[in-house]
Amino acid sequence: MKPAVKTIEMKELTLPPELEVVNMTKQFGQLIALDNVSLTLKPGTFHALLGENGAGKSTLVKCVMGFYKPTSGEVRFNQQVQAIDSPRDAQKHGIGMVYQHFTSVPAMTVAENLVLCRYESAALIDWKAEYEVLNAFMATAPFKLPLSVPVAQLAAGEKQKLEILKQLYLKSKILILDEPTSVLTPGEADEVLGLIREEVVAGHLSVLLISHKFREVTAFVDEITILRKGKFAGSGRVKDLTIADMAEMMMGEKRIPQTVQKTLHPDPAPVLQIQAIHANKDNGLEAVSGVDLTVNSGEIVGIAGISGNGQRELVEVLAGQRTATDGQVLVNGEVYRASRTEMFQHRVFVLPEEPLKNACVPHMSVAENLALRTFDRPPQSKGWVLLFKPIREAAQSLIKTFNIKTPSPETPISNLSGGNVQRTVLARELSSDHINLLIAANPCFGLDFAAVDYIHSEILEARNRGVAVLLVSEDLDELLKLSDRILVISEGKFAYESSIAEADFASIGRSMAGH
Amino acid sequence: MLTYSRWRRTLEAVSIPIAALIFSLFLFGLFCAAAGANPFAVYGAIYKAAFGSWFAFQNTLIRAAPLMLTSLCTALPARLGLVIIGNEGALVMGGIAAVAAGLSVADFAPPIVVQLAMAIAGIIAGGLWIGAVGALRHYRAVNETISSLLMNYIAIALLNHLVGGPMRDPSSLNKPSTFPIPDIDKLGTIPFTRVHYGLLYGIVVCIIAYYLIQRTTFGFAARTAGGNVKAARIAGLPVGKLTIAICFLAGSSAGLAGMVEVAAVHGRANESLNANYGYAGILVAFIARHNPIAASVVAILLGGILASGSILQRQLGLPDATVYVFQGLVFLVVLYSESLYGRFAIFKEPDVVTPPTSSAPLAG
């Protein structure tokens, strides 16, 4: 056989299959997370799946990977319908997924992690043979990693490379990358994506990249599919589209801010002053890099941004859950360190995201959770002694006013549904008639329309009373509707600021995407 | 509805530990059979030695007193989500401090003052000992389980050093000890019994601890921080101060146990102070699910088992360490039983009916 013929044959043999997702729908109870979405991943292309948080990107790939069973719709390989019931089935069809977070064992070496990831490992491992195979594999791999180094000693970029190498080692032909660069520096991200792109161009791989970074999409991707609120919102070839086109598809048509009843506050005074705040993520990398912001009384300041750009850490600093590494926060002109005394004195309240995780004690009762801000002062306690009757009565009245559905005030709050947990926190934080500063982070995430309307009206009502409100949200509609001023946070810094009347939708979208 | 759901939860919290105890009795029976003894004779002997007569029961109560106090050293921090096992060390430190304080005031003060001084010294010494564990935990993120365990060894070494050196009574020849507390200053016995007042200390402190955790703002703050530290921070609760304060209180309970042992049983500090009451206290706290009132009951139960050690040796020819095998088995089975909560449908509350719109999971 002549060498030339052989290469052609090899190329055909190794070309990844065409993956088609046809009319995929996934329903969770009443919520339609994915609504009749189709997508084609052509062999040897780099395809990006774009969309805001909650657009259904993860749901779609989880259906493809067999984590979820789709309500309807099918997956086809080279036009043949295949049922994928588990990630193992997906592996059999040559689909491998790389997650946002590392799945390697830090204390084990690169070689051990690679052998570990095989599903059908034998009981005994012949390390000599394994090393021969691994060395041969490394020689042809797009990136090289030292086999005998423990994973804990690798840099973040190298760990991410290892995640991808695992999939190549498992002979995956189709790689699904779920925001693979969110833990990497831009330099590392470019290197990793660049090397993957070379593999794609060489016809060894097809890649489906979940991302919301336009920079990466324009630099490395051939085709895109965009989802919005669980529905197909557009697709096309990257070279035919501008960033503005993609942003518009991702966020919907230009929207006029909904007008709401707002009263002008007479003499606004600065309530919250954030001065050069720096804060780190849990892993020690800097998340917030020196932001300055003033929120006046009777004003809602909205912060937009794609999640993971430092807004969570900023809110945690303001809520007292995270220590700032530098800078200071002033409330009413005084230094604010989020102690209980200061919270009470300056009347600061917080509506955090994921209320069960951030603002409730799961095994304590609804009544106790409602009393979290008030239990240590009259009438709920006398000196050191808790008075259960007033605590219970206060809870009963809040349960009634805020329409919390619970069997009794003594039920552990973790037994309640998500919406009712949210109502409980809302009741606790908004029932006080003397709020001065309210910090809200995605207060309506996952709620139905009625609840959203209710929370919006409560926040607006507080603003009209003169409360200073800082609203951090991933929902641009919500921000445009409620805010008096809007800022965009990107990579830990404010990238855009304007009053709501002058807010430019396209620039907001670009700033969010880091342009 | 309310009483109904509480009833189920209480039943679960009572049945599971009892079932665990019964199962460990069964395992222990297997062990005894393997060691050549009739398991039923063993059960009978334990029962007789622990609760069989008024005389035996008094023995049990004497052993239960320090257990009640040391169990709080694990039970209180557990409400904050900390696992502290430095009970033995805090007991030893409390005992040493009590002897030192007692001896230094015994010459001129009346007995009640001497006893008070001993109690306060024990409380402070034990409190500082475990308080240090809490401070290490809060300021330097040192694992509190490991550090409190290691502090036990330091305390025991310190005890051996002090009774063998600086604090040694030259007349204590084959068992180095401190000078004895004068008999008049020792804790007396409850009228009509052989049981010393330490039992009363134990019961009172357990009741105070229960009240503190369940009925005070301090306890509420501690339970909040233990249940979810993020929620505690959002409410501005001083998590660090709470950690150190709870650890101090925990240590002071065990320190008081040391004082009781010194002032009522040994009359001096020597290696007998290190009699495993600290470690058994951990077990009491776990069986009682960190409820101080339940701990006082469990302490009596376990005190009985400990009291039966010598009888097993004399009557059945089993080594007296056999009771420690039983203790170990109980501990393992109780720890395992922790994983069974919420597994039995019979203890589950009926499902809460919610409107479908708000119960829909969030899509990613």
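Analyst: A residue is called buried when its relative accessible area is under 20%, exposed when it is over 50%, and partly exposed in between. By that criterion, 52% of the 364 residues of chain B count as buried. The model is a predicted one.

User: What share of chain A is buried?

Analyst: In chain A, 53% of the 515 residues are buried.

User: How do you know that the radius of gyration of chain A agrees with a compact globule?

Analyst: A compact globule of 515 residues would have a radius of gyration near 24 Å, and the value for chain A is 26 Å, which agrees. Chain A has 18 helices and 22 strands, and its C-alpha trace extends over about 90 × 55 × 45 Å along the principal axes.

User: Which part of the contacts in each chain joins residues at least 24 positions apart?

Analyst: A contact requires heavy atoms within 4.5 Å. Among contacts in chain B with a separation of 6 or more, 76% come from residues 24 or more positions apart. For chain A, the corresponding share among contacts between residues at least 6 apart is 68%.

User: How far apart are the centres of the positive and negative side chains of chain A?

Analyst: The centres of its 52 positive and 61 negative side chains lie 3 Å apart. In chain B, the mean positions of 22 positive and 13 negative charges are 9 Å apart.

User: Why is helix H10 of chain A described as largely enclosed?

Analyst: Of the 9 residues of helix H10 (residues 311–319), 8 are buried, so the helix is largely enclosed by the rest of the structure. Among the buried residues of H10(A) are Glu313(A), Leu314(A) and Glu316(A). H10(A) is followed by Gly320(A), with a positive phi near 90°.

User: Is Asn442(A) buried or exposed, and what makes it so?

Analyst: The relative accessible area of Asn442(A) is 10%; buried means under 20%, and therefore Asn442(A) is buried. This residue lies in the loop between strand S19 (437–441) and helix H16 (449–465) of chain A.

User: Why is Asn23(A) assigned to its accessibility class?

Analyst: Its relative accessibility is 38%, which falls between the limits of 20% and 50%, so Asn23(A) counts as partly exposed. Asn23(A) is found in strand S1 (residues 19–28) of chain A, and its phi is positive, about 50°, although it is not a glycine.

User: How is Leu285(A) classified, and on what value?

Analyst: Leu285(A) has a relative accessible area of 45%, again between 20% and 50%, so Leu285(A) is partly exposed. It is found in the loop between strand S11 (270–280) and strand S12 (286–296) of chain A.

Conventions. Residues are numbered from 1 along each chain as its sequence is written. Chains are lettered from A and ligands numbered from 1 in the order in which they are written. This is a predicted model: local features need pLDDT of at least 70, side-chain atom pairs count only at pLDDT 80 or more; totals for chains, interfaces and linings use all residues. Side-chain values use heavy atoms; hydrogens and water are left out. Buried means under 20% relative accessible area, exposed over 50%, partly exposed in between (1.4 Å probe, protein chains only). Lys and Arg count as positive and Asp and Glu as negative; His and the chain ends are not counted. The place of a charge is taken as NZ of Lys, CZ of Arg, CG of Asp or CD of Glu. Helices (H or I, at least four residues) and strands (E, at least two) are DSSP runs, numbered from the N terminus. The radius of gyration is taken over C-alpha atoms; the globule rule is 2.2 Å times the number of residues to the power 0.38.
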